[in-house]
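I opened this structure to see how its parts are arranged. My notes follow.

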Amino acid sequence: MFRRELFRIPPRLARQLSSNGQQESGPRWSHYSAAAGAVISTGASLVAMYSAYDTRRNLEAQQRKEFGRAFANLQDSFYTIEMNRAQRKLYNLKKRADNEGRSWDDVCAEWAADDLALVLTPVEKLSKQQQIRMKEVEDIEEARRNWSAFYIKFRSLYKRGVISEEDVKQHHFPSETQMKGYISVVDAMEHACSVIFVGNDKYITRYRQAKVAGFLDTTFLGGGFTPNEAQLRGRNEKYLLIRKKVLERIKPLD
């Protein structure tokens, strides 16, 4: 008859075998466990590194896409019929002033002074000649705003980091010629409008940083194309005096 007791391991021998097994397998399993942990850690590091690379690549692609869209929109806003008309109108005014030997600063002051005087004159008291002049002044003002709006948008994109100086140089847009054209024509008009029409006696404060012409000059043109400090002060004082004379001549409406 089969008896289980014949195959039972004595307790003393069982304890010895158990103790030997733990001594032999413990270090070996510990080594395997450490190796497996290293493999898992390395794998996790590779996954994290690839994820970071993939994120950076996606970010760069998104930035290129944003730049391309912003740059295309900027070019579209420059090469429009309205912008072409604005530039032609103001270029022609300056060319006429040059041919007549008149200072462009003075012509801009005359335009801004007329604008202020006509606004302060009751509509029913405007003569036929004044009504014609008002339409001319309004057209000039609209052309100035259109041209300025483009460079205000450009400055905003540049300061936000959407467009860089390298982008401008690489694509030649806006070109130095285009920037110089804007400064030579619109800078004095902006100054005259702000001081004579609006009454801003702080216009030249932080001119190089705050005004579009100063920004373009210092950032892209080397800082020598706009008026120097003495010229700015002289033009500002002249414009302040002109505003004072207009207000003395015409009583503002309540």
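I looked up H2 and H4 and found them oblique to each other, since angles under 35 degrees count as roughly parallel, over 145 as roughly antiparallel, 65 to 115 as roughly perpendicular and the rest as oblique. I worked from a predicted model, where local features need pLDDT of at least 70, side-chain atom pairs need 80 or more, and totals for chains, interfaces and linings use all residues. Residues are numbered from 1 along each chain, and side-chain values use heavy atoms, without hydrogens and water.

I noted the geometry next. The axes of H2 (residues 81–99) and H4 (residues 128–159) come within 9 Å and cross at roughly 120°. Axes are lines fitted to C-alpha atoms over the stretch in contact, with angles from 0 to 180 degrees between N-to-C directions.

I then checked which residues meet (contact: heavy atoms within 4.5 Å). On the H2 side I found Met83, Leu90 and Tyr91 among them. On the H4 side, Ile140, Trp147 and Phe150 are included. By class, this contact has nine nonpolar, two polar and four charged residues. Ala, Val, Leu, Ile, Met, Phe, Trp, Tyr, Cys and Pro count as nonpolar, Asp, Glu, Lys and Arg as charged, and the others, Gly among them, as polar.

I zoomed out to the whole chain. The protein chain has nine helices and zero strands; these are DSSP runs (helices H or I, at least four residues; strands E, at least two), numbered from the N terminus. Of its 254 residues, 32% are buried (under 20% relative accessible area, 1.4 Å probe, protein chains only).

How values were computed: Buried means under 20% relative accessible area, exposed over 50%, partly exposed in between (1.4 Å probe, protein chains only).
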